[in-house]
Amino acid sequence: MLKERKRSIDITLEDEGKTVKVYGWALDRRDLGGVKFIVLADRWGRVQVTWVRGKSNPDVEKMIDNIKLNDVIEASGSVRKTPQAPRGLEIDPFEIKILNASEHPLPLDPTERIKSSLDIRLDARPLDVFRPRVRSIFMIKSALLEVLRNFFRENDFVEIITPRIIASATEGGAALFPLPYFDKIAYLAQSPQLFKEQMVIGFEKVFEIGPFFRAEPFNTTKHLNEFTSIDIEVAFADMEDVMLVCEKMVRYAHEKLIEKCKDDFDALGLKISIPEAPFKKFRYNEIINMLDEKGVKVNFGEDVGSEELKNLEELREEYYFITHWPSKIKPFYIKVRDDDTSESFDLNYGPLELGSGGTREEKKEKLVSQLMEKNLNPSDFSYHLKAFGYGMPPHAGWAVGLERLLISILRLDNVREATLYPRDRFRLEP
């Protein structure tokens, strides 16, 4: 079957008069009496199949009449130039087969003539991805994954895969999903943090792109309970070193996506550009002072979230770092400074936090002390602390959410738009 197949994108005006066979879905159909149209959709695009009474095979008319929206079809015919058709060509069919019929009524209209809510679209995601806008979002997401891996390989990183089933919290706290594990209770991993730190001993520069889980009861447009994280860890580095890697990654991603995904950006009506470098850096206390000038009060030591940052209109459409957060609101593995701030940073796009990172504490004794200061039991992290006796180098790293990075690039309003099958507090199916 595939040997004979012609993709929609491969059919050009140079094929005029040639016989082709195409497979796909009947995304639309129209009947004008003597002229009947089928818009056949495949992964690569659309091609119009047009039957004309008196010119086309009369046996095909009945088959066209039986085709319903989103039936799976095979069409064989000759290519002809038609200025009115998309791309100036269409297929004159001499045979059409229905390979599998769709069930009606469909839960949503893939032609977009009838609008559907996000919940309905998520419930019928396979149909939803026929919509050009949705298709373009996920084609760009696929390209972004390729681009990110290329970036890390070009910069001498080793890709690793860490466990998703763990014995204890990565960062402490209660935002964990427990699960039975034979005669024990295990948890779904919040992040690869402790494992990627351990791997700098052997590999020095590591990265991972994969799914992680947080049992946070949020129901917002920016939170998911299953998300994809882009993580790095680098030996013999500090926060400034890895911030530069982060900045370069974001700019590289924009540059390569502009090259690879022009048609999809056009379909989304977006004109994107490579962010200017260097990204602005603001210390935590500077951000607090800027907010205070806007009449937004944040006490030192409190978190600064998107609701507060929305007030900083001058930072609305750019990437920037917030650095030197109070140590008490950062994880135990972040290096603490003498002034009780930490060698830490967040990457933001406007009010949206995309990720965070910092210099890690490499001294075992100090790490134990910081665990206790966070009211965490060092014995729960004994497997991790052992690695610090194997020759742990100074190191730093970060994590950036893939979906949040994508919504910053595409200017999306809801992280669920960038997730095929989102998992949140209320959505466990499909």
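Buried means under 20% relative accessible area, partly exposed lies in between, and exposed means over 50%, using a 1.4 Å probe on protein chains only. The model is predicted: local features need pLDDT of at least 70, side-chain atom pairs count only at pLDDT 80 or more, and totals for chains, interfaces and linings use all residues. Residues are numbered from 1 along each chain as its sequence is written, and side-chain values use heavy atoms, with hydrogens and water left out.

**View 1. D28 is a buried residue of strand β1.** D28 has a relative accessible area of 15%, so it counts as buried. It is found in β1, residues 19–31. Strands (E, at least two residues) and helices (H or I, at least four) are DSSP runs, numbered from the N terminus. D28 is in contact with F37, I38, V39, L69, T111 and R113, leaving aside neighbours within four places in sequence. Contact means heavy atoms within 4.5 Å.

**View 2. Strands β2 and β3 form a hairpin.** Two residues lie between the strands. β2 covers residues 35–42, and eight bridges join it to β3 in the antiparallel sense. Two strands pair if DSSP finds at least two bridges between them. F37 has T50 of β3 as its bridge partner. Strand β3 spans residues 45–52 and is mostly covered, with seven of its eight residues buried.

**View 3. I64 sits in helix α1.** The helix runs over residues 59–66. I64 is buried because its relative accessibility is 0%. It touches R29, K36, I38, W51 and I96, not counting residues up to four places away in sequence. I64 and I98 are 34 residues apart in sequence, and their C-alpha atoms are 9.4 Å apart in space.

**View 4. Three strands form an open sheet.** Their order is β7-β9-β8, and the pairing is antiparallel. β7 (165–166) and β8 (178–181) are the edge strands, each pairing on one side only. Strands of a sheet pair through backbone hydrogen bonds, either parallel or antiparallel. Four bridges link β8 to β9, residues 184–188. L179 stands opposite A186 in β9.

**View 5. The second largest pocket has a volume of about 540 Å³.** A pocket is an open set of points on a 1 Å grid over the protein atoms alone, where a 1.4 Å probe fits and protein lies on both sides within 12 Å along at least five of seven lines; lining residues have an atom within 4 Å of a point. Grid points are joined across faces, edges and corners, and the volume is the space filled by probe spheres set on the points. The lining has 22 residues, of which V129, F138, M139, L420 and Y421 lie nearest the pocket centre. α4 (132–154), β11 (226–235) and α12 (402–410) each supply at least two lining residues. The largest share, six residues, comes from α4. The lining divides into twelve nonpolar, two polar and eight charged residues. Here Ala, Val, Leu, Ile, Met, Phe, Trp, Tyr, Cys and Pro count as nonpolar, Asp, Glu, Lys and Arg as charged, and the others, Gly among them, as polar.

View 6. C246 has a relative accessible area of 1%. C261 has a relative accessibility of 4%. The structure holds zero disulfides, a disulfide being a pair of cysteine sulfur atoms within 2.5 Å.

**View 7. The whole chain gives the setting.** It has twelve helices and 16 strands. Of its 430 residues, 51% count as buried. The C-alpha trace spans about 85 × 55 × 40 Å along its principal axes.
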